[in-house]
Amino acid sequence: SILFFHNFTLFSVSLQEPVVGFIGGSAVLPCSSKEPLHTIQDINQVRWRINNSQNVYEIIKGKVSVEGQDPEYRNRAESFPEEYLRGNFSIKLNNLQHTDAGKYQCYIIEESVLWSVQLLIEERPERQLPNEGTKPKPEMIVMFISILCIGIIFSLVNSATASF
């Protein structure tokens, strides 16, 4: 979708598929510029917000700025500085909590590009243990070994009596 504001155009990109993360885990929220950058100085400002209010992450002049960052995201949000020149301003949220769910927006100021991505938070699935019905019961194992032994003994007896 394209939004018009006076003398400039804001290009808005919304991901159709939400990003799903698990409690205690991590999730990468994608954001990229239209074209790769030539120098780090080309990165004037990139802002990450949640629900149009909380400051999640900010990159100013190619450096991370924690000034004004919401305390909930301090030491839990990180970016990939080695990817900046490729135009990649994705962030990774660590130690996810239920309160992290929401609509995240990445605004690349120089290009007037606004990325929107929905983050869903789910409980981590517990490891599935085999169903009780699939475990062999000890008495079945004993019966199987007994039948196998009887079969071997019977076979040996038959072969011994056939030789006489």
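Figure 1. Arg86 is exposed, with a relative accessible area of 56%; exposed denotes over 50% relative accessible area, buried under 20%, and partly exposed the range in between (1.4 Å probe, protein chains only). The model is predicted, so local features need pLDDT of at least 70 and side-chain atom pairs count only at pLDDT 80 or more, while totals for chains, interfaces and linings use all residues. Residues are numbered from 1 along each chain as its sequence is written, and side-chain values use heavy atoms, with hydrogens and water left out. Arg86 forms a salt bridge with Glu83, the closest N and O atoms being 2.9 Å apart. A salt bridge is defined as a side-chain nitrogen of Lys or Arg within 4 Å of a carboxyl oxygen of Asp or Glu. Glu83 is partly exposed, at a relative accessible area of 22%. The structure holds 3 salt bridges.

**Figure 2. The salt bridge between Glu58 and Arg47.** The side chains of these two residues, Glu58 and Arg47, meet at 3.6 Å, N to O. The pair links distant parts of the chain, with Glu58 in strand 6 (residues 54-60) and Arg47 in strand 5 (residues 45-50), 11 residues apart. Strands (E, at least two residues) are DSSP runs, numbered from the N terminus. Glu58 is buried, its relative accessible area being 8%, whereas Arg47 is partly exposed, with 30%.

**Figure 3. The salt bridge between Asp100 and Arg76.** In this pair, the N to O distance between the side chains of Asp100 and Arg76 is 2.7 Å. Distant parts of the chain are linked here: Asp100 lies in the loop between strand 9 (91-93) and strand 10 (102-108), and Arg76 in the loop between strand 7 (63-64) and strand 8 (77-79), 24 residues apart. Both Asp100 and Arg76 are buried.

**Figure 4. The largest nonpolar core.** This core has 27 residues, and those with the most contacts inside it include Leu29, Trp48 and Leu119. A nonpolar core is a set of buried Ala, Val, Leu, Ile, Met, Phe, Trp, Tyr and Cys residues joined through side-chain atoms within 4.5 Å. Strand 4 (27-29), strand 5, strand 6, strand 9, strand 10 and strand 11 (113-122) each supply at least two residues of the core. Strand 11 gives the most, with 5 residues.

**Figure 5. The surroundings of Gln105.** Gln105 belongs to strand 10 and is buried, with a relative accessible area of 12%. Leaving aside residues up to four places away in sequence, Gln105 touches Arg47, Trp48, Arg49, Asn52, Leu114, Trp115 and Ser116, where contact means heavy atoms within 4.5 Å.

Definitions and conventions
Helices (H or I, at least four residues) and strands (E, at least two) are DSSP runs, numbered from the N terminus.
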